[in-house]
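Here are my notes on the two-chain model you sent. Please read them with the structure open.

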Amino acid sequence: MNYWAVDDANISPPNDLTIFSNRVVNMRHGDEVVLFKRVGDNDIEFHTRAIIEESQVGRYEEDKQKYVAHLSNLRVLTDSSLLSELTYSLQKIYNFRQPRRHFLRKYLSLSQYDFDSITSGSIYWARTAFGIYINMLGRQQLEHFIQETAASSPEVFIHQWDFGLAWKVLRQFIEVQYIAAAELLRFVHARADQISGSDIPNLNYMELGVSTEDGENDSLYEQEVLLSKFLAATRPEEGDLLERLSHRIAEESASQEAFQEAFRYTSWPLQTIEG
Amino acid sequence: MHESARTLAEAATWAKSQLPLKVNDDFLYEIYILFELLHDLKNQYAIKYIEGRGDTRHHFPRKPALKSGRPRFEVLDKRSQHTLWQICAGTRIADIHGKDRAPDLSFQSPDAGDAPGYTEVIMIWDAKYKTDDRTRITMAELSEFGWWLEVLQLRGTAKPAINLSNLVLLVSNCLITNGDKSTEPDAECLRLDLKEVHSFYPGKMFAVRP
């Protein structure tokens with residue numbers, strides 16, 4: 001039995017699947033399919049699963065064939081899943097910048113792992129958390145992370161498939177670099193406010209910055225605002241998001257074992273970096 | 001999670017220069033120490049903010065820089081309004097061989113010029129930020145600082161009579177860290193004429209030795 005994802009644009013209600021293709025369509029009786037539709041500019045939503053009941057292939061044009069199948073046992077997914085949420089939980093995906101590019105075709109084959117993850121809406125939290133954050137670091141920050149990690153936790157590179165460990169190290173890096181920088185700048189700002197005005201009238205925190213001799217002048221305040229936005233999104237009132245992710249990963253470790261097996265022979269899910 | 005990661009992408013890079021933000025580059029920590037010092041000094045003294053020159057007049061150096069282009073502070077006697085000391089961050093000082101050194105914070109004499117030499121420096125502080133705050137000041141850091149004190153001829157010299165409150169124990173050549181003290185005995189710090197200030201971080205109680 002094989003597993004497939006099918007663009008629901010090829011379905012004629014209620015349950016007929018028709019595909020014109022110049023390739024051999026080899027979806028067979030008994031194969032399982034999950035239907036998807038495009039959502040917004042960059043996402044797709046998986047919404048229904050079904051079984052290929054009977055299928056036939058006929059010649060359509062010179063080199064095109066017409067594949068027709070009847071779907072049975074249609075079940076709407078209880079939790080419809082977005083590709084943007086499943087990106088790091090699917091073996092199929094290696095284009096992390098534009099995962100929808102994997103779904104441009106009318107249909108595509110899936111591993112059983114991927115089919116199960118999509119239809120159950122299950123997420124490999126450790127790989128997802130690691131993937132989403134590491135792909136937001138720019139080239140130089142990524143190099144910095146790799147240098148720091150090689151020095152402090154080289155085992156992360158030996159067990160690249162251990163995304164629980166990789167997440168732990170990345171989270172720590174984020175906290176000691178960016179959360180600490182946010183704290184330091186907030187504190188400097190508070191102190192500057194306390195001593196400017198009557199004590200040092202011409203000191204204006206908004207003007208202060210850092211720079212090299214020939215480089216651009218970076219503003220402390222501008223960076224503090226950017227770091228504060230990150231802090232607000234990461235440590236909202238309802239609790240620390242990074243902590244919640246770690247907690248979730250630990251809590252679901254049993255259900256994540258299947259994922260660990262599925263991604264055992266993969267390396268880090270890094271998106272292509274230009275240059 | 002997507003929103004948090006998206007904001008991280010912006011915050012992790014300095015907005016203008018596009019350089020990566022690295023807290024262990026020390027200059028953020030150095031600025032924090034400078035403002036803690038100014039906050040303490042204002043209790044007893046008048047403080048003047050002196051702009052540098054040109055584009056960098058309000059910008060502290062990321063790396064050792066010329067004093068003239070950079071901002072600094074002057075500490076004045078409240079009554080007489082006489083300048084008692086200058087406080088500079090990350091700017092160069094010529095040592096006994098004429099080679100430039102750039103301690104993170106230097107206390108300079110009131111008449112020190114734009115290209116100060118070791119005779120115009122009274123006391124220095126150096127900042128060592130540790131990403132893991134259990135990390136100790138290393139032997140290399142301690143010996144480099146001790147050697148700076150030697151080539152700047154600051155070992156065994158009289159310390160300025162700075163009247164500080166919270167930072168009163170820091171009136172010395174100080175190696176300041178958010179991490180832990182080195183494993184060297186107090187006697188070695190005394191011999192080098194320096195103090196180690198550890199756990200120095202917002203919201204923490206710092207300690208000084210010897």
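Which residue in the turn between S3(B) and S4(B) has a positive phi? The first point answers this, and the others follow. Keep in mind throughout that this is a predicted model.

1. **The hairpin in chain B.** The residue is B:Gln81, with a phi of about 60 degrees. S3(B) and S4(B) form a hairpin, and five residues lie between the two strands. Strand S3 of chain B covers residues 72–77, and its pairing with S4(B) is antiparallel, over five bridges.

2. Strand S4 of chain B, residues 83–89, is mostly covered. Five of its seven residues are buried.

3. **Helix H2 of chain A.** This helix runs over residues 112–120. Its buried residues are A:Asp114, A:Phe115, A:Ser117, A:Ile118 and A:Thr119. They pack against several elements of chain A. These are the strands S1 (3–7), S4 (32–39), S5 (43–59), S6 (65–82) and S7 (107–110), together with helix H1 (83–86). After H2(A) comes A:Gly121, with a positive phi near 65 degrees.

4. **H6(A) against H8(A).** Helix H6 of chain A spans residues 163–195, and helix H8 of chain A spans 241–251. They pack at an angle of about 165 degrees, with axes 11 Å apart. Angles over 145 degrees count as roughly antiparallel, so H6(A) is roughly antiparallel to H8(A). Their crossing is left-handed. H6(A) brings A:Gly164, A:Trp167, A:Arg171 and A:Ile174 to the contact, while H8(A) brings A:Leu242, A:Ser246 and A:Ile249. By class, that contact has four nonpolar, two polar and one charged residues. An α-helix has 3.6 residues a turn, so residues three or four places apart point the same way.

5. **H3(A) against H6(A).** Helix H3 of chain A covers residues 125–134. Its axis and that of H6(A) come within 8 Å and cross at roughly 40 degrees. H3(A) and H6(A) are therefore oblique to each other. This crossing is left-handed. On H3(A), the contact uses A:Ala126, A:Arg127, A:Ala129, A:Phe130, A:Tyr133 and A:Ile134. On H6(A), it uses A:Phe163, A:Gly164, A:Ala166, A:Trp167, A:Leu170 and A:Ile174. By class, the contact of H3(A) with H6(A) has ten nonpolar, one polar and one charged residues.

6. **Where the chains meet.** How many residues does each chain give to the contact? Chain A gives 50 residues and chain B gives 44 residues. On the chain A side, the elements that give two or more residues are H3, helix H4 (139–152), H6, strand S8 (209–211), strand S9 (218–219), helix H7 (220–234) and H8. H6(A) provides the largest share of that side, 15 residues. By class, the side of chain A that touches chain B has 26 nonpolar, 15 polar and nine charged residues.

7. S8(A) pairs with strand S2 of chain B, residues 59–61. The sense is parallel, over three bridges. Look at A:Val210, which stands opposite B:Phe60 in S2(B).

8. **Cis peptide bonds.** In chain A, a cis bond joins A:Pro13 and A:Pro14, with omega about 0 degrees. A:Pro14 sits in the loop between strand S2 (11–12) and strand S3 (16–21) of chain A. In chain B, the bond from B:Arg209 to B:Pro210 is cis, with omega near -5 degrees. B:Pro210 lies in the segment after strand S11 (207–209) of chain B.

9. **Positive phi outside glycine.** A:Asn73 has a phi near 55 degrees and is found in strand S6 of chain A. Is A:Asn73 buried or exposed? A:Asn73 counts as exposed, because 11 C-beta neighbours lie inside 10 Å. B:Gln153 has a phi near 50 degrees. B:Gln153 is in the loop between helix H3 (139–151) and strand S9 (174–177) of chain B. With 14 other C-beta atoms within 10 Å, B:Gln153 is partly exposed.

Key
Residues numbered from 1 in each chain as written. Chains lettered and ligands numbered in written order. Predicted model: local features only at pLDDT ≥ 70, side-chain atom pairs only at ≥ 80, totals over all residues. Buried ≥ 20, exposed ≤ 12 C-beta atoms within 10 Å, placed from the backbone. Helix = DSSP H or I, 4+ residues; strand = E, 2+ residues; numbered from the N terminus. Contact = placed C-beta atoms within 7 Å. Pairing = 2+ DSSP bridges. Axes fitted to C-alpha atoms, helices over the stretch in contact; angles between N-to-C directions. Parallel < 35°, antiparallel > 145°, perpendicular 65-115°, else oblique. Left-handed = near helix turned anticlockwise from the far one by under 90°. Nonpolar A, V, L, I, M, F, W, Y, C, P; charged D, E, K, R; others polar.
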